[in-house]
Amino acid sequence: MSFTVLMKVPKRLLTSLITDTKNRTPESYGKAIFDDSFEPSDNYFSVKVGVLDDLTEKQKEWILSFAESLLSYKYDIDYSVDFFDLNCDFEVDYPSGSWLTEFIEMVNDQFESGIQVENTQSFMNLIQK
């Protein structure tokens with residue numbers, strides 16, 4: 001089971017999905033960045049950033065810094081940040097009923113994720129609706 005956070009930045013710039021994979025860091029991650037001395041961490045986080053518009057270097061640096069600030073408190077982790085183009089903008093309001101299911105399907109499609117909400121009422125309690 002993974003833990004996922006979906007964040008939307010105002011002004012239609014980007015949507016980000018942060019997932020705790022609950023797995024050790026893949027060996028391929030370390031080999032791509034470090035030499036043979038890489039030791040995988042016990043926790044590997046995947047940060048996917050879907051963008052609608054081109055980002056400046058300053059905007060990318062801010063996003064990377066923001067991800068670092070969210071994840072740096074956790075002991076023994078590695079994470080990757082991947083940027084990709086979104087096919088559509090996410091209308092995030094107070095999803096309910098069948099719209100919630102459609103919204104989750106759209107997120108799963110865009111981010112190639114596997115988010116599941118078995119009890120939609122629990123989600124409504126979370127957003128206090």
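Visitor: What percentage of the 129 residues in the protein chain is buried?

Guide: The model is a predicted one. A residue is called buried when its relative accessible area is under 20%. By that criterion, the buried share of the 129 residues in the protein chain is 32%.

Visitor: In what order do the elements of the protein chain run from the N terminus on?

Guide: The protein chain contains four helices and four strands. Read from the N terminus on, their order is β-β-α-β-α-β-α-α.

Visitor: How much of the accessible surface of the protein chain belongs to carbon and sulfur atoms?

Guide: The accessible surface comes to about 8900 Å². The part of that surface belonging to carbon and sulfur atoms is 50%.

Visitor: Of the contacts with a separation of 6 or more, what percentage joins residues 24 or more positions apart?

Guide: A contact requires heavy atoms within 4.5 Å. Among the contacts in the protein chain with a separation of 6 or more, the share from residues 24 or more positions apart is 60%.

Visitor: How many aromatic pairs does a search of the whole structure find, and which kind is formed by W62 and F66?

Guide: The search of the whole structure finds two aromatic pairs. In the pair of W62 and F66, the centres are 5.3 Å apart and the planes make an angle of 5°. Planes under 30 degrees apart count as stacked, and the pair of W62 and F66 is accordingly stacked.

Visitor: Why are W62 and F66 separated by about one helical turn?

Guide: W62 is exposed at 52% relative accessibility, while F66 is partly exposed at 31%. Both residues belong to helix α2, residues 57-71. Because they are four residues apart in that helix, W62 and F66 are separated by about one helical turn.

Visitor: Which geometry do the rings of F84 and F111 adopt?

Guide: The ring centres of F84 and F111 are 5.2 Å apart, with the planes at 90°. Planes over 60 degrees apart count as edge-to-face. The pair of F84 and F111 is therefore edge-to-face.

Visitor: How many residues apart in sequence are the parts that the pair of F84 and F111 ties together?

Guide: F84 is partly exposed, at 22%, whereas F111 is buried, at 1% relative accessibility. F84 lies in strand β4, residues 77-85, and F111 in helix α3, residues 97-111. The pair therefore ties together parts whose separation in sequence is 27 residues.

Visitor: What distance separates the C-alpha atoms of L86 and T15?

Guide: L86 is found in the loop between β4 and α3, and at 9% relative accessibility it counts as buried. Beyond four places away in sequence, L86 touches T15, G50, V51, L52, Q110 and F111. L86 and T15 are 71 residues apart along the chain, yet their C-alpha atoms are separated by 8.4 Å.

Visitor: Is N108 buried or exposed?

Guide: N108 is found in helix α3. Leaving aside residues up to four places away in sequence, N108 touches S113, G114 and I115. Its relative accessible area is 16%, and the limit for burial is under 20%, so N108 is buried.

Visitor: What is the phi of E112, a residue other than glycine?

Guide: E112 is found in the loop between α3 and α4. At 69% relative accessibility, E112 counts as exposed. Its phi is positive, near 50°.

Definitions and conventions
Residues numbered from 1 in each chain as written. Predicted model: local features only at pLDDT ≥ 70, side-chain atom pairs only at ≥ 80, totals over all residues. Heavy atoms only, no water. Phe/Tyr/Trp six-rings, centres within 6.5 Å; stacked < 30°, edge-to-face > 60°. Helix = DSSP H or I, 4+ residues; strand = E, 2+ residues; numbered from the N terminus. Buried < 20%, exposed > 50% of the residue type's maximum accessible area, 1.4 Å probe, protein only. Areas by Shrake-Rupley, 256 points an atom, 1.4 Å probe, with all protein chains shown as cover.
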